[in-house]
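Work through the exercises below with the structure in view. Each task is followed by a solution in steps.

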Amino acid sequence: MRSAVLLLSDALLRVASAEPMDAIENDELLEQVATLREDLDRLEVQLRRRVKSMNERSAHGRDGYSSATAFLKYRCRMTGGSAQRLVTEANSLADMALTAKLAAGGRLSLDQARLLIRAKQQHPEQFEQDESTLTDVVQQARFVSDARAMIAHWSQAVSDHVGRDAAFERRALFVSKTFDGMVRLDGWLDAKAGEIVMDALDSAMPPRAAEDVRSPAQRRADALVDLVSGRSRSRVPEIVVHVADERMSGTVAETQGGSVLDDAWLERLACDCTVHRVVFGPGSKPIDVGRRHRLVTGAQRRALVARDRHCRFRGCDRPARWTDAHHVVPWMKGGRTDMDNLVLLCRFHHTLVHEGGWSLTGVADHLVLRRPDGSIMAEDKSPP
């Protein structure tokens, strides 16, 4: 006899599958996508509860499987890596009562829960003390990427030098040929090296032309070939470091890409990179520079990235390197080029605001976003 869980799952799938897509209004479609995603995440928690129980009982041994991972690979048609991660997450989540409760209730997504699982794996004893605080931090973050940066700050605060050295020792680059003659690259770099490589790739990728039909991944691959073949212009890597005050040591610091840095890393960066500093003042606001120019200066751009981190259009987290500096009040209408009148918008949303009928009004720390019909979509009272 099938359990009530499986019978209910079958019934829900039949109902969802029978509903024709063209009969669903846009608002309802958006709501369904969000609700289904939340429900799937909640089901993922229940899956992990059962994987944990299966593993504890060695239930997989009844049919001759050597491990829970082996069972998942065959019966659930999972890759070895995915199966192993599922087992690991199931074991970790079982010891994270608050995280598991919030995820089961739909208050944490699976990706948010995974951030907390990794935090527990890195610092198990400290996580046990800080779980309540960390779950609050992750829930309040607008994007998972923001939560990841916050967890990284926590991790640095509880790490010792042995932990940082261990992270550096994990660096690796794998290069292999596939059966069809392609070459596959895969690997890990420490935060310093990673920022240098990403900066170099960005510098080798000129602004995208209208006729350029390459995907971002293809452009990145071409940029790498240009760099190693010498076809790309070379320059000293530039790293932007965000610090809490004017000191470059003894204070919290991170790169604009979100990598948390300690003093040792900062010292190494200063040896072979051009390091730009963005200083935060009272209220965690970056310094205000250059109010008289139409074009945003380099210092202003760094300050904007430090404040906004990504596109400020509601619901968009495209990274700062894909954004333009947008005047909330247009320059041609008297808008000034100062921090209160500037926000980062990705190319898509920048075009939407200028040409698509959408509007942003207010000041940078209190924006009002309106649809083309004039209705308010959202008010944003603080930078991301």
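**Exercise 1.** Which helix gives the most to the lining of the second largest pocket?

Solution. The model is a predicted one. Begin with the helices that each supply at least two residues of this lining: helix 1 (4-18), helix 2 (26-57) and helix 3 (68-75). Helix 2 gives the most, with 17 residues.

**Exercise 2.** Describe the second largest pocket by its volume and its lining.

Solution. Start with the space: the second largest pocket holds about 1500 Å³. Next, count the lining, which is made up of 33 residues. Val5, Leu6, Ser9, Leu43 and Leu47 are the ones nearest the centre of the pocket. Last, sort the lining by class: 20 residues are nonpolar, 6 are polar and 7 are charged.

**Exercise 3.** Why is helix 7 described as roughly antiparallel to helix 8?

Solution. Locate the two helices first: helix 7 covers residues 124-140 and helix 8 covers residues 144-158. They pack at an angle of about 155°, and their axes are 11 Å apart. Angles over 145 degrees count as roughly antiparallel, so helix 7 is roughly antiparallel to helix 8. The crossing of the two helices is right-handed.

**Exercise 4.** Which residues make the contact between helix 7 and helix 8, and how do they divide by class?

Solution. From helix 7, take Gln126, Phe127, Asp130, Leu134, Val137 and Val138. From helix 8, take Ala147, Met150, Ile151, Trp154 and Val158. Sorting the contact by class gives 9 nonpolar residues, 1 polar and 1 charged.

Technical notes. Residues are numbered from 1 along each chain as its sequence is written. This is a predicted model: local features need pLDDT of at least 70, side-chain atom pairs count only at pLDDT 80 or more; totals for chains, interfaces and linings use all residues. Side-chain values use heavy atoms; hydrogens and water are left out. Axes are lines fitted to C-alpha atoms, for helices over the stretch in contact, and angles run from 0 to 180 degrees between N-to-C directions. Helices (H or I, at least four residues) and strands (E, at least two) are DSSP runs, numbered from the N terminus. Angles under 35 degrees count as roughly parallel, over 145 as roughly antiparallel, 65 to 115 as roughly perpendicular and the rest as oblique. A crossing is left-handed if the near helix is turned anticlockwise from the far one by less than a right angle, and right-handed if clockwise. Contact means heavy atoms within 4.5 Å. Ala, Val, Leu, Ile, Met, Phe, Trp, Tyr, Cys and Pro count as nonpolar, Asp, Glu, Lys and Arg as charged, and the others, Gly among them, as polar. On a 1 Å grid over the protein atoms alone, a cavity is a set of points where a 1.4 Å probe fits but cannot get out, and a pocket is an open set with protein on both sides within 12 Å along at least five of seven lines; lining residues have an atom within 4 Å of a point. Grid points are joined across faces, edges and corners, and a volume is the space filled by probe spheres set on the points.
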